[in-house]
Amino acid sequence: MKPPSVITGYRLPRYLYHFTNEKDYFLIRHQGQLQAANPRGADEMTGVFMVDLENLIKSWGKFNKDLFEFSNLRERLIHFASFKKGDPRPVVLRVPTKNLDRDELLIRSQKDIEDYSKMPPPKGYAMDMLNGRFEAAMKKLEEAMPEGLKGYKAKGLAHKYKRQDIAVEYIYPNDISLKQAGVERIGNGDSKRLDTWHGDIYVDSRRYFQELFKDTPEAKAFEKAKPKYFDW
């Protein structure tokens, strides 16, 4: 029997969840894999980005004035996975962690991302961009990126994040084969109906995620979650 997979002081979740949309899911099925991507720009890292259900429920729903157009991180997650991609129909893929190379899995806090977004651009970046030296500009951004933004191999951090109730995401730097990893689409929610809830309070309500995860154990987790995790 294999020992439990451990990331820094507590067991890895049995599953991680990747949020996408109907249009991109069609391509994912066609390719047969979740491809490591760079979703936020040239200064970001490349990988498959996923969340832990317990952390998503407990730590992603807090009101955050620094997110500007979003009330909290859960709302932003749905936006980046679907609406920003031009398809408002959300899809969730469940990824068993037992089939991933655990040594490759990274973890980082959303706070590190927020702090980085507030930092001024590095010296010389604006001039490089102005003069069309885009590779040099991107290199300066990469060099200025804080260590935490690149993710950690989780030496003591996952336990710390869990204890401190910090929102985190997991990053797998390689492509993930749907068949070999046992990735599956879950939930039988009406994605078109979910579309009509965007921009309303329902986008972060318990009901929204219950609909998204309809007919799954995950839906029950949202049903049983304490009200404080959904109050702003």
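Start with the cluster. Tyr-17, Phe-19, Phe-209, Phe-213 and Phe-222 make up one aromatic cluster. A word on the source: this is a predicted model, where local features need pLDDT of at least 70, side-chain atom pairs count only at pLDDT 80 or more, and totals for chains, interfaces and linings use all residues. Residues are numbered from 1 along each chain as its sequence is written, and side-chain values use heavy atoms, with hydrogens and water left out.

Now the pairs. Rings of Phe, Tyr and Trp (its six-membered ring) pair if their centres lie within 6.5 Å; planes under 30 degrees apart are stacked, over 60 edge-to-face, the rest tilted. How many aromatic pairs does the structure hold? There are 4. Take Phe-209 and Phe-222: their ring centres are 5.0 Å apart and their planes are at 10 degrees, so this pair is stacked. Phe-209 is in helix α10 (residues 206-212) and Phe-222 in helix α11 (residues 217-224), so the pair ties together parts 13 residues apart in sequence. Helices here are DSSP runs (H or I, at least four residues), numbered from the N terminus.

Buried or exposed? Phe-209 is buried, at 0% relative accessible area. Buried means under 20% (1.4 Å probe, protein chains only). Phe-222 is buried, with a relative accessible area of 0%. Phe-222 also forms a stacked pair with Phe-213, at 5.6 Å centre to centre and 20 degrees between the planes. Phe-213 counts as buried, at 0% relative accessibility.

Technical notes:
Helix = DSSP H or I, 4+ residues; strand = E, 2+ residues; numbered from the N terminus. Buried < 20%, exposed > 50% of the residue type's maximum accessible area, 1.4 Å probe, protein only.
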